[in-house]
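Here is my notebook on the backbone of this chain.

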Amino acid sequence: MSPSDPILAAPAPSRLQLPPGDWPSLLEGLCARFPRIDRAQWADRFARGRVQDAQGRALAPDQAWQVGLEIVYFREVADEPVIPFAEAIVHQDADLLVADKPHFLPVTPAGGYVRETLLARLVARTGNRDLVPLHRLDRLTAGLVLFSTRPDSRDAYQRLFRERRIEKVYEALAPALPPLAFPLERHTRLVPGEPFFRMAEVPGEPNARTRIEVIEAAGPVWRYRLYPVTGRKHQLRVHMAALGAPILGDDLYPDLLADGPADTPLQLLAKELTFDDPLSGQRRTFTSGLSLHL
């Protein structure tokens, strides 16, 4: 089977355990749970057997909503935009695949992207349906993403992230901050903000920690090196904006831009990952081949 085979190129199905709700049917409940998906699209999926139970049996749209039932559905996006930037495989062995993700490419299916994702591309390229990302990068962030290549060793690598035993280094281009002394650390509390997809700093016990260094300090834009000690959503973007130096190309912080910079890359790069391999004990460092440019 070739890497371009449509079976390999198709994304894996999504799974959902039905939450509590008083909807009279599966169709009504799914329309309420996923308001961005048109009702006609859900009806069409049911008609083509693209909504199934955990055993792969097609479900009917008028079936009663059963709390706890696991369903499987296949995400489809009409006229999905093509991301004209290529990923690269930095490293591949029996247990790990390390990829260099370009700007604008999502790691996993989300929103209007299903096939144009790093995961779908790598599955099509390698033929390995067991690929699972061990962490995430924002769609607008470029750089290194680690994938587990087989289930047997997956948990050993996932523990690296759960136990914070992996060192991450990012680079960013942002406005100069001459009044501040570097290196510095920012410790704050981050919680979901408004709208729901943004994060906000609030008073309280810090749950987000970032160390910030300056690599180049020339002109109005400096090059920074960022070490996220924790891994909160949008942590680096929020911390840089709060210091008065929002990362170039950021359409969420400090202010939400109604029309984001669709063709301007967020100048944030996951540059390096270092860890002690949980299987071999070997010290491993991977470095992105990408770089940021004004």
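Where is Pro254 found? I looked it up in this predicted model and found Pro254 in the loop between α6 (235–242) and β13 (268–276).

**Entry: cis peptide bonds.** The peptide bond from Tyr253 to Pro254 is cis, and I read its omega as near 5 degrees. Next I turned to Pro195, where a cis peptide bond joins Glu194 and Pro195. Omega for that bond is about -10 degrees. Pro195 sits in the loop between β9 (184–192) and β10 (199–202).

**Entry: positive phi.** I then looked at the phi angles. What is the phi of Phe104? I noted a value near 80 degrees, which is positive in a residue other than glycine. On the chain, I placed Phe104 in the loop between β5 (96–101) and α4 (118–126).

My next stop was His234. His234 is not a glycine, yet its phi is positive, at about 60 degrees. I found His234 in the loop between β12 (221–228) and α6.

Entry: Is Phe104 buried or exposed? The relative accessible area of Phe104 is 9%, and buried means under 20%, so I wrote down Phe104 as buried. For His234 I got a relative accessible area of 11%, so His234 also goes down as buried, by that cut-off of under 20%.

**Last jotting.** To find these spots again, I would go to the cis bond between Glu194 and Pro195, the cis bond from Tyr253 to Pro254, and the positive phi values of Phe104 and His234.

Methods: Residues are numbered from 1 along each chain as its sequence is written. This is a predicted model: local features need pLDDT of at least 70, side-chain atom pairs count only at pLDDT 80 or more; totals for chains, interfaces and linings use all residues. Side-chain values use heavy atoms; hydrogens and water are left out. Helices (H or I, at least four residues) and strands (E, at least two) are DSSP runs, numbered from the N terminus. Buried means under 20% relative accessible area, exposed over 50%, partly exposed in between (1.4 Å probe, protein chains only).
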